[in-house]
Protein chains: 2
Amino acid sequence: MLKVPVFPDSAPMPPSPSAQALHPAGKRTGRADPDSARCLMCKVREYNLCSSIEDHDVTVLAQATRQISLPPGTAVIEEGTPASAFFNVINGTVKLFKSLPDGRRQITGFADAGQFVGLSNSRTYSFGAETVSTVLLCRCTHTQIENLLAEYPGFARHLLSAVTHELADAQEQMLLLGRKTAKEKVASFLLDRIKQYHRTHPHDPDAETTASVPMTRVDIADYLGLTIETVSRTISTLRRDKIISGTENHCIRILSLPNLQDIAYGLKSI
Amino acid sequence: MLKVPVFPDSAPMPPSPSAQALHPAGKRTGRADPDSARCLMCKVREYNLCSSIEDHDVTVLAQATRQISLPPGTAVIEEGTPASAFFNVINGTVKLFKSLPDGRRQITGFADAGQFVGLSNSRTYSFGAETVSTVLLCRCTHTQIENLLAEYPGFARHLLSAVTHELADAQEQMLLLGRKTAKEKVASFLLDRIKQYHRTHPHDPDAETTASVPMTRVDIADYLGLTIETVSRTISTLRRDKIISGTENHCIRILSLPNLQDIAYGLKSI
DNA sequence: TTCCAGCCTTGATTTAGATCAAATCCCAGT
DNA sequence: ACTGGGATTTGATCTAAATCAAGGCTGGAA
């Protein structure tokens, strides 16, 4: 297993005056303090869980969270350690994974800007999380999440909806892992990356034909249940078949979306 | 794809006087009517979602649900159809799956007594569900689920917790599908079936060494991302190696749990 | 009881993808 | 610009599991 730098639980954070506990219920203020300004200006708030808390209650949110920036390849969550925090991804990409004792690893998903990481039922995390790129996170303790859940029913509903969505994604990924060929797996992965690029760059005119692939071949292989050689060969084949072009800068251009979709769903026999 | 009998949305149900809408908030009664007796006597209520609704509110639950019994091999949910209902499994086993256009299928999980089926975020079901054995279900419309969620905060929390647990299971299954060998997959599956037997037969002295396997080889193969031949050969090998015994009556006896666990987690090199 | 149709098992052969083995690319740091 | 080390690509070979192909078992219907 690879040794990676670990983000310490007590890492340096932007100073914040008085926010260990949640703002008490009833005592709400619309006044802008430095923290709530951070949330009000947040680029992903309208897309993520925080959207279930109104502007005038944003101080609660701001005081319950801390922003942290982490370099690529930093562990955010270590498999099996006590589950104490929850993270919103503000910028960048985080990978989630599970490992076998001998080091075999399965990446169960990538969390991009607007998504969250770290929900756990049990006392310890059953999965690990590590940054793929430079990542900006909002950290929140489970205790504070509990408080938000108790105080804002909309938050619980929003979280339920988000987890239900993640479960549907996981089921789709099980279909991929169990029943798709290498070519179908890579095509499906690229389609997901196009969707992701579209979500995070809604105004880019090239959003329909661009896939952002910040992760290495090792990560892609561990996500698709393949080896790096097979991933590389398959991408080369797609390039040769003029379905995609360019791998530079971790950015792939799609030349034929319909063909890619047909391949992903097994409609293309080749 | 296999043709299976479909459970019609308007199937015969136990007659019930007046329960299309949820019992209005505030109007609660502890009086026993035939419906609430069904819920009060329910064998799985203490284990499933309904446990978040107290005895004195059980009429609400009883009037929101209908019990249905279905024979083996009946479709409960058809992939892609409008998502309108939610089911609690009272008895028996239901399989959940996703399919590819050419008929390849991945079973994403089995729902046994006490578990639920049919949660969906989108307008249509992204998965199918079919009975494995004779199954007793409690059916509830999504509208009624919405009402329960709005009225009972504990219900939302319970559901969130259950879905989070399912997500963790799904991640474990992704590790299996993407990175385990055939032998490790089968051993992991048997361990899951032992746990399930233990849950549903807590007082059976043989619960530690018994696995209930009501599903066919086709279902096991579609769950593990293998072929029926590989599943059959692998089970034969485990029997030959004296790690399990007996396949009769869909009941497998475990001779060496530690060995099975070592195999499942890749600690046994053979 | 016999028969039949689905299951399940076992054997022989094939193959998709893994593994082993070099190059080559691509920057980040000097 | 130069350099070194990781990331990627490509080629040759191997193998776990798939596919193809019989048989055998079992439990319900006649």
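Modeller: Let us begin with a definition: rings of Phe, Tyr and Trp pair if their centres lie within 6.5 Å. In this predicted model, such ring pairs join Phe110(A), Phe189(A) and Tyr223(A) into a cluster.

Biologist: How many aromatic pairs are there over all chains?

Modeller: The count comes to eight aromatic pairs over all chains.

Biologist: How is a single pair described?

Modeller: One gives the distance of the centres and the angle of the planes. For Phe189(B) and Tyr223(B), the centres are 5.8 Å apart and the planes stand at 65°, so this pair is edge-to-face, a term that applies over 60 degrees. The pair links distant parts of the chain, 34 residues apart: Phe189(B) belongs to helix α5 of chain B and Tyr223(B) to helix α6 of chain B. Both Phe189(B) and Tyr223(B) are buried.

Biologist: I turn now to sheets. In which order do the four strands of the open sheet in chain B lie?

Modeller: Strands of a sheet pair through backbone hydrogen bonds, either parallel or antiparallel. Here the order is β1-β8-β3-β6 in chain B, with antiparallel pairing. The edge strands, β1 and β6 of chain B, each pair on one side only. Strands β3 and β8 of chain B are joined over six bridges, and Phe86(B) stands opposite Cys140(B) in β8(B).

Biologist: Is Leu167(A) buried or exposed?

Modeller: Buried means under 20% relative accessible area. Leu167(A) has 11% relative accessibility and therefore counts as buried. Leu167(A) lies in helix α4 of chain A, and its contacts include Val163(B) and Leu167(B).

Key
Residues numbered from 1 in each chain as written. Chains lettered and ligands numbered in written order. Predicted model: local features only at pLDDT ≥ 70, side-chain atom pairs only at ≥ 80, totals over all residues. Heavy atoms only, no water. Pairing = 2+ DSSP bridges. Helix = DSSP H or I, 4+ residues; strand = E, 2+ residues; numbered from the N terminus. Buried < 20%, exposed > 50% of the residue type's maximum accessible area, 1.4 Å probe, protein only. Contact = heavy atoms within 4.5 Å. Phe/Tyr/Trp six-rings, centres within 6.5 Å; stacked < 30°, edge-to-face > 60°. Lists of a residue's contacts leave out its neighbours within four places in sequence.
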